[in-house]
Amino acid sequence: MSKRVTISTLNKMKAAGEKFVMITAYDATFARLVSEAGAETILVGDSLGMVLQGHDTTVPVSIDDMAYHTACVSRAKPHSLIVADMPFMSYDTPENALRSGMALMQAGAQMVKLEGGIWLSDTIEMLVERGVPVCAHLGLTPQSVNVFGGYRVQGRTPKEAKSILADAVEIQDAGASLLVLECIPAPLAADITRKLDIPVIGIGAGGGTDAQVLVLHDLLGLSEHPAKFVENFMENNGSVQESLSAFVDAVKSGRYPRDEHTYN
């Protein structure tokens, strides 16, 4: 990957039916390796609260934590588009969202990610108007784990599925550039992907999305209790670099995710 990836790059890939890849990174070294492996997007995820800080959930992560790690990733000057998570309660009001978005963009993010549905429409519109591109996140939203009563698949009933689709359309109309769908049935994710103009990234959402994302530590086999949708790419590869490249190749060729990684 020689040129820096932009939103325009990802839109063209969706239009051409080409899969793209997102991998989390939290520091300069892994940001460079992820970029060199060919991943079009890097997510500085609030998953750092679990894989780096040792928390049980992402809830304790602060905006200062996110800005620090975003700056670390940005200093690697990756070709990948840098997306940074807005942490728990950092966008509960439009004013907080603006402050948080500013902090992450000034730290080096090129887009911010928010979890939530229609209630975020005004916030998304406001951020985009002020030069902050937005990636939305629907389905299982980890910051709401205490509301869900655990990490549970979403969208399995007709009512839930209809609500997620409506949220996706509204979020797109509000100006979001990307959408992450997590832990929803594969047919629902494929249907949403077909109906939206913006690229859709899946995690535990089947192979019908435009892209796939995995947490770095998960795909390297370092997680103690990996989710159903995780494949350990270190298992058959001799180095971190080979494992990252293997994940990228598997997504682009359609070999990942397989049926065993999806929910129906």
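1. Start with I23. Setting aside neighbours within four places in sequence, I23 is in contact with V34, A39, T41, I42, L43, L214, L216, L219, L244, F247 and V248; contact here means heavy atoms within 4.5 Å. Before going on, note that this is a predicted model, in which local features need pLDDT of at least 70, side-chain atom pairs count only at pLDDT 80 or more, and totals for chains, interfaces and linings use all residues. Residues are numbered from 1 along each chain as its sequence is written, and side-chain values use heavy atoms, with hydrogens and water left out.

2. I23 also turns up in the largest nonpolar core, which has 86 residues: I23, L179, L181, I192 and F247 touch the most other members. A nonpolar core is a set of buried Ala, Val, Leu, Ile, Met, Phe, Trp, Tyr and Cys residues joined through side-chain atoms within 4.5 Å. Buried means under 20% relative accessible area, exposed means over 50%, and partly exposed is in between, with a 1.4 Å probe and protein chains only. As background, nonpolar side chains in soluble globular proteins tend to be buried together.

3. Now helix 2, residues 28–36, where A31, L33, V34 and S35 are buried. Helices (H or I, at least four residues) and strands (E, at least two) are DSSP runs, numbered from the N terminus. The cover over those buried residues includes strand 1 (20–24), strand 2 (41–44), helix 4 (63–74) and helix 11 (240–253). At the start of helix 2, a side-chain oxygen of D27 comes to within 3.3 Å of the backbone nitrogen of T29. Just after the helix, G38 has a positive phi of about 105 degrees.

4. The term stands for a side-chain nitrogen of Lys or Arg within 4 Å of a carboxyl oxygen of Asp or Glu. Both residues lie in helix 2, four residues apart, about one turn of the helix. R32 counts as partly exposed at 38% relative accessibility, and E36 counts as exposed at 55%.

5. The structure holds nine salt bridges. Another one joins K195 and D191, with 3.1 Å between the closest N and O atoms. These two are four residues apart in helix 9 (residues 186–195), so about one helical turn separates them. D191, R194 and K195 are linked in a network of salt bridges. Further along, E260 bridges to R258 at 2.9 Å between the closest N and O atoms; R258 is partly exposed at 36% relative accessibility.

6. What about E115, a charged residue that is buried yet has no salt bridge? The nearest side chain of opposite charge is K113, 4.5 Å away. On charges, Lys and Arg count as positive and Asp and Glu as negative, while His and the chain ends are not counted. E115 sits in strand 4 (residues 111–115). Beyond its neighbours within four places in sequence, its contacts include Y91, H137 and S144.

7. Y91 and W119 are stacked, 6.3 Å centre to centre with 10 degrees between the planes. This pair links distant parts of the chain, 28 residues apart: Y91 is in the loop between strand 3 (81–85) and helix 5 (94–107), and W119 in the loop between strand 4 and helix 6 (121–129). Y91 is buried at 3% relative accessibility, whereas W119 is exposed at 53%. Rings of Phe, Tyr and Trp (its six-membered ring) pair if their centres lie within 6.5 Å; planes under 30 degrees apart count as stacked, over 60 as edge-to-face and the rest as tilted.

8. F233 and F247 make an edge-to-face pair, because their ring centres are 5.3 Å apart and their planes are at 65 degrees. F233 lies in the loop between helix 10 (216–219) and helix 11, F247 in helix 11. F233 is buried at 6% relative accessible area, and F247 is buried at 0%. Ring pairs link F233, F247 and Y256 into a cluster.

9. Some backbone details are worth a look. A cis peptide bond joins Y256 and P257, with omega about 0 degrees; P257 is in the segment after helix 11. K77, not a glycine, has a positive phi of about 50 degrees; K77 is exposed at 65% relative accessibility. C183 has a phi near 50 degrees, again positive in a residue other than glycine, but C183 is buried at 5%.

Definitions and conventions
A polar contact is a pair of N or O atoms within 3.5 Å; within protein, one must be able to donate a hydrogen and the other to accept it, and residues adjacent in sequence count only if both atoms are side-chain atoms.
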